[in-house]
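I opened this model to look up a few things about its fold. My notes follow the order in which I checked them.

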Amino acid sequence: MRAEVARSMLRGAGILAGFAVFGALLVAITWESTAERIAANERAFLLRTLADVLPAGAYDNAVHEDFITVTDAALLGTRAPITVYRARLRNRPVAVVMTPVAPGGYNGPIRLLVGILADGTVSGVRVVSHRETPGLGDRIEVERDDWILDFDGRSLGQPPRERWAVRRDEGVFDQFTGATITARAVVSAVRDALIYFETHRDALFAAPAGAAELPLPLPADDEGTE
Amino acid sequence: MSGRVAEVIKTGLWTNNAGLVQLLGLCPLLAVSTSFINGLGLGLATTLVLVASNLTVSVIREFVRPEIRIPVFVLVIASFVTAVELAMNAWFHELFRILGIFIPLIVTNCAIIGRAEAFASRQPPGLAALDGLAMGTGFTGVLVTLGAARELIGQGTLFAGAHMMFGEGARAIELQLLDGGFLLALLPPGAFLGLGLMVAAKNLVDARLQRRRSAAPAASADAAGEPA
């Protein structure tokens, strides 16, 4: 009787193990056949978004390969190192794209791309990822609203630093009905990125490319670093 | 056999609709139905998983013993969901970015394990796959209807984001029908209200059909005498 129970248990375990192998194989095969395409998608997405926040045709280097990583918890919104891409024209600095985090999002951190020209003017801001409320906070996405384009051409003097805020806080930027927190988080993150850039401009352009850490939006196994 | 086929299709699409009658999979249903295209994307992914898991469960039903069937179902479903997730990431990258967490969460859609347990584990593979297709299509129908309604009322557009699924050419069908919209429709309450209204509408139609059916035999009882 006992032997019978044991045999039945073993058979059950065997079948279960068989299916675990089947599942793992299925996932492994799919992974194998999609990994390259997914990495290419991620890279294409990165290139496209980098191009979105940089002035078209004003640079001639491979921006996605010319990056360094920096850390500044107070101004960049995270203790983790963030990536700064450098755009150059004939080796002269044109702009950087910073990837700060807006920690004060309504449902968690909002990851941004902030393009800043060498003179400290914003060339473009885009949201990389967020968890804001659909229909309210997701208007920070450029596909849904023009709001994020309002940063273009601004700098720390334009508007003056104390007016880098949403209207409710006596600033110049619109907030969304029902999602003031989201707008506020993005505005302060962009302002802080500008402040960081202003203090570290020369070091950012001068540092040798290819830092130890990988660029953030790329998967960890990607190329682009030594 | 053809009677069974028709019944399976009708059950999945209408009489036992996953969204409107079983009220299964409400979490993704309510969260993702903010636009037609989002609904369609999640609906198709769910349908794909349903067909694959129903088919597999039916094929293996003979030698998977009852005491281990649930873990086996979970393994099978989780594997297919992961495969679908990877495939969407590879071929519908933009849509994948929007649907995000709700693709892996298909695993937790009770409609899928429910069909595996209640139907596929007792039926031949063909019928089980058909059941998955019908159930998935019924679920997709609810998703796109609710999605279209919420999108139209909430932001005045229809088929926004179609290019993410059908390529750049599909931008032509992205319509801006109203100027602005009624925000509530896009918020969670809008999802509940919309689904509630859809359930009510279905019950209304059913009640009307029922009345007509019970009125009809009385009128034609002596004429035909056809079995019900």
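**Ground rules**

I am working with a predicted model, where local features need pLDDT of at least 70, side-chain atom pairs count only at pLDDT 80 or more, and totals for chains, interfaces and linings use all residues. Residues are numbered from 1 along each chain as its sequence is written, while chains are lettered from A and ligands numbered from 1 in the order in which they are written.

**Chain B overall**

I counted elements first. Chain B has 9 helices and 2 strands. I took both kinds as DSSP runs, numbered from the N terminus: helices are H or I with at least four residues, strands are E with at least two. Read from the N terminus, the order in chain B is α-α-α-α-α-α-α-β-α-β-α. Along the principal axes, the C-alpha atoms of chain B fill a box of roughly 60 × 50 × 30 Å.

Next I checked burial. Of the 228 residues in chain B, 45% are buried. Buried means 20 or more other C-beta atoms within 10 Å of the residue's own; exposed means 12 or fewer, and partly exposed lies in between, with C-beta atoms placed from the backbone.

I then looked at contacts, meaning residue pairs whose C-beta atoms, placed from the backbone, lie within 7 Å. In chain B, 77% of the contacts with a separation of 6 or more join residues 24 or more positions apart.

**Cores**

I looked up the nonpolar cores: sets of buried Ala, Val, Leu, Ile, Met, Phe, Trp, Tyr and Cys residues joined through C-beta atoms within 7 Å. The largest has 64 residues, and B:Ala45, B:Val76 and B:Phe80 are among those with the most contacts inside it. Several helices of chain B each supply at least two residues of this core, including helix 4 (69-91) and helix 7 (125-155). Helix 3 of chain B gives the largest share, 13 residues. I followed one member: B:Val84 touches B:Ala45, B:Leu48, B:Val49 and B:Ile103, leaving out residues up to four places away in sequence. A second, separate core has 48 residues, among them A:Val53 and A:Tyr59.

**Where the chains meet**

I found 22 residues of chain B in contact with 18 residues of chain A. Helix 4 of chain B supplies the largest share of the chain B side, 12 residues. That side divides into 14 nonpolar, 6 polar and 2 charged residues.

**Strands of chain A**

Which strands pair with strand 2 (residues 82-89) of chain A? Strand 3 does, antiparallel over 6 bridges. Strand 1 (residues 67-70) is joined to strand 2 by 4 bridges, also antiparallel. Pairing here takes at least two DSSP bridges between the strands.

I noted the partners. A:Ile68 is bridged to A:Val84, A:Ala87 to A:Ala95, and A:Arg88 stands opposite A:Pro93. Strands 2 and 3 of chain A form a hairpin with 2 residues between them, and A:Arg90 in the turn has a positive phi of about 45 degrees.

Strand 3 of chain A also pairs with strand 5 (residues 110-117), antiparallel over 4 bridges. There A:Ala95 has A:Leu117 as its bridge partner.

Last, I checked cover. In strand 2 of chain A, 6 of the 8 residues are buried, so the strand is largely enclosed by the rest of the structure. Strand 3 of chain A is mostly covered, with 5 of its 7 residues buried.

Conventions. Contact = placed C-beta atoms within 7 Å. Nonpolar A, V, L, I, M, F, W, Y, C, P; charged D, E, K, R; others polar.
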